[in-house]
Amino acid sequence: MRVFIIAGEPSGDKLGAALMEGLQTLVPDVVFDGIGGAGMSEAGLQSRFPMEEISIMGISEILSQYRHLKTRIAETADQIVQTRPDVLITIDLPEFSLRVAKLVKAKSQIRCVHYVAPTVWAWRAGRAAKMARHIDQVLALFPFEPPYMEAVGMRCDFVGHPVVTDVQASVEEAHAFRTEHSFGEAPVALVLPGSRRGEVSRLAPIFGEALAPVLQAHPDLKIVIPAAAPVEELVRNAVADWSCTPLIIRSEDKAQKRAAFKAADVALAASGTVSLELAAAGTPMVIAYDMSWLSRQVIGRMLKVDTVTLVNLVSETRAVPEFIGADCIPERIAGGLNELLSDPTPQTQAMQNTMVRLGQGGEAPGIRAAKAVLSGLSHSGKTH
């Protein structure tokens, strides 16, 4: 069996590596070709070029690299058509992946599988119909996504979310973290203002203002900020004017980050998949996010759901308070944090249900994804 697989970001590389390992377990003689990062390389892929060349986000970045991206898209599609794998698997990164699949389908009947469904349940529902013109099957991370894909003619398999396989810190490790930083029995709040420079610049001042009245109500509260290397200096500068001195740890120090998540009593976080990481650690949270005025207007008109927090969506509750757009103001966030510190229990069941619904306790997502790919090939009349 020959598989051409493409990932362009660290999260996609993680999914790709797990899927490759799943396929190797089920089809030992499988051969891989494609584009990926360190994780996929460890799983046996020799990437045709560095994944970072296509790991580009934002309109301005895409425009500045457009000529190079267009060349890589065409080259990659030609290589797939020439080598004729049994299946093409693209992972997220739709700006690159779906353009490659479109070109491949125009020149061949190679089966195309896309891993990570677009968020058509939230906004821009028309993306699913456009995908269906050249994607045969979708592997979904969330249990509520298949009907949206199936409605436009694509097979869609829910395969579970990789967060359920993430290693969690033990109670002993959390205690050691508290001891190391002299926190004792004081309450601990994680603050996560995002991983991109724009997010940190916009959210850190708001989060700092929100924490001031919380610290007045809970003067012994300890603040911990896990910061990714690219934004660490920005985070340190942003918190210099805060009314407290938070402990900043490196997100790249996985053991410290896991221990901090486990040791924390509450968290204030930007909207995103970090809510699932917090739920996996059992850390109650308040979610807050803001954007430019123009983005607020555009997205606000297109948004189809009344919550953007994944824990709320997966658990089918509204247990996690969120303050998005015009609601992302310090006073309201502070009220949510104070209420959560007084009684964090309402989120407990929602977080547990979220993890179960995402596949916790079942087969690993990599194996489930591999089985779905093989089933799709079998039903399409192709052998492996």
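Hello everyone, and two housekeeping points before we look at anything. Residues are numbered from 1 along each chain as its sequence is written, and side-chain values use heavy atoms, with hydrogens and water left out. As the model is predicted, local features need pLDDT of at least 70 and side-chain atom pairs count only at pLDDT 80 or more, while totals for chains, interfaces and linings use all residues.

Let's begin with strand E3, residues 87-91. When I say helix or strand, I mean DSSP runs numbered from the N terminus: H or I with at least four residues for helices, E with at least two for strands. And buried means under 20% relative accessible area, exposed means over 50%, and partly exposed is in between, using a 1.4 Å probe and protein chains only.

How many of the residues of E3 are buried? Five of its five are, and the strand is mostly covered. In a regular strand the side chains alternate between the two faces of the sheet. Here, Val 87, Ile 89 and Ile 91 sit on one side, Leu 88 and Thr 90 on the other, and both faces are covered.

Now the neighbours of E3. Strands count as paired if DSSP finds at least two bridges between them. Strand E1, residues 2-7, pairs with E3 in the parallel sense over five bridges, and Phe 4 stands opposite Leu 88. Strand E4, residues 111-115, also runs parallel to E3, joined by five bridges, with His 114 opposite Thr 90.

On the loop from E3 to H5, please look at Asp 92. Most residues other than glycine have a negative phi. Asp 92 is partly exposed, because its relative accessible area is 24%. There is another case at Ser 182, where phi is near 55°. Ser 182 lies in the loop between helix H8 (171-180) and strand E7 (188-192), and its relative accessible area of 63% is why it counts as exposed.

Next, helix H1, residues 10-26. Its 17 residues reach 25 Å from first C-alpha to last, close to the 24 Å expected at 1.5 Å a residue; that expected span is 1.5 Å times one less than the number of residues. Buried residues in H1 include Leu 15, Leu 19 and Leu 23. An α-helix has 3.6 residues a turn, so residues three or four places apart point the same way. The cover over the buried residues of H1 includes E1, E3, E4 and helix H17 (365-379), where contact means heavy atoms within 4.5 Å.

What about the nonpolar cores? I use that term for a set of buried Ala, Val, Leu, Ile, Met, Phe, Trp, Tyr and Cys residues joined through side-chain atoms within 4.5 Å. The largest has 64 residues, and Met 1, Ile 5, Ile 89 and Tyr 115 touch the most other members. Apart from it lies another core, of 37 residues, with Val 200 and Leu 221 among them.

Last stop: Thr 307, in the loop between helix H13 (293-302) and helix H14 (310-315). Thr 307 counts as buried because its relative accessibility is 2%. Which side chains does the side chain of Thr 307 meet in polar contacts? One is that of Asn 312, at 3.1 Å, and another is that of Glu 322, at 2.8 Å. A polar contact is a pair of N or O atoms within 3.5 Å; within protein, one must be able to donate a hydrogen and the other to accept it, and residues adjacent in sequence count only if both atoms are side-chain atoms.

Asn 312 itself is found in H14 and is buried, because its relative accessibility is 1%. Its side chain also reaches the backbone nitrogen of Val 320 at 2.9 Å. Leaving aside neighbours within four places in sequence, Asn 312 is in contact with residues including Thr 317, Arg 318 and Ala 319.
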